[in-house]
Amino acid sequence: MSSIPFVKAHACGNDFLILEESVAQGRHAQLARTLCARHTGIGADGIEFLERRADGTFFLRLFNADGSEAELSGNGTRCVVAWLTESEGLQEVSLGTHGGMRKCRVMRKERETLWWIESGMGVPRVMPRTIEIAGVNGAIEGVMVNMGNPHFVIFTELEDFGSHGMSWQELGAKIAVDPVFKFGTNVEFVRVLKADEIAFRIYERGCGPTTSSGTGTCAASAAGMTQRGAARSLTAVAEGGSQQVVWPENAAEMMLTGPAEIICIGDARVDF
């Protein structure tokens, strides 16, 4: 039986465990499946493994609740920054990820455990694409967006975010794992409410429906800006809350501002 120190944090309800890379010992996937289980573990959408390198830099590896490794998480990165702010007083942090370097800056502290953090999210790559999925009637018109990880954005007019005669959860589950996307994809269902506001739902690859997503927020916003004429500075509203997105022009870096909150600190007992 091993005891593993952890931190739990969330960004708009999108929750993560933060573990030091040194405790993983090659068990990243197993730890993710065990500790992220909602009923038999601590419960989380994924684990951010924080590596502290000899040169003083940080690197993150993200493992989803199902044990699969993803390139990065915008919300997860922000949660790690919140922890580094609380534990070490850092106000500006650069974090390496498999989806690229992310530079974050603490904007303000709202209460003892909650910070608002601005993150550079890289330059979105946007490409409209029509796909066909087994078990879905008709072609699906959408937008592929690369945020360092893959996204497929679908616009809908329905208040329940459904599309093609299916709920967004059902359709998202099909698209996320369809072979048309070699490495799977995250799926966003977007409604443009007004020029500077969108609402969306997220089906996350390796996790399922989530209340929020940092890269998903950016992907939905990038698609709205380039394909539906949404404002270059807007509010993106998910089930877990709102985030602010600014993308001055297509060649510029997109900036995302949102909250991150520390939930608890503890030790997990694992029997392997």
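**Exercise 1. Work out whether the overall dimensions agree with those of a compact globule.**

*Solution.* Start with the expectation: for 272 residues, a compact globule would have a radius of gyration near 19 Å. The radius is taken over C-alpha atoms, and the rule is 2.2 Å times the number of residues to the power 0.38. Next, take the value for this protein, 18 Å, which agrees. Finally, look at the box: along the principal axes, the C-alpha atoms fill roughly 50 × 40 × 30 Å.

A word on the model before going on. It is predicted, so local features need pLDDT of at least 70 and side-chain atom pairs count only at pLDDT 80 or more, while totals for chains, interfaces and linings use all residues. Residues are numbered from 1 along each chain as its sequence is written, and side-chain values use heavy atoms, with hydrogens and water left out.

**Exercise 2. Find the largest nonpolar core and the elements that build it.**

*Solution.* First, the term: a nonpolar core is a set of buried Ala, Val, Leu, Ile, Met, Phe, Trp, Tyr and Cys residues joined through side-chain atoms within 4.5 Å. Buried means under 20% relative accessible area, exposed over 50%, and partly exposed in between (1.4 Å probe, protein chains only).

Second, the core itself: the largest one has 25 residues, and Val145 and Met254 have the most contacts inside it. Two or more residues each come from β10 (140–146), β11 (150–155), β13 (197–204), α4 (214–227) and β15 (233–238). Helices (H or I, at least four residues) and strands (E, at least two) are DSSP runs, numbered from the N terminus. Helix α4 gives the largest share, six residues.

Third, zoom in on Val145. Leaving out residues up to four places away in sequence, Val145 touches, among others, Pro124, Val126, Val153, Ala219, Ala222 and Ala223; a contact means heavy atoms within 4.5 Å.

Last, look elsewhere: apart from this core lies another, of 24 residues, including Phe16, Trp83, Val93 and Cys104.

**Exercise 3. Describe the surroundings of Ala236.**

*Solution.* Begin by placing Ala236, which is in strand β15.
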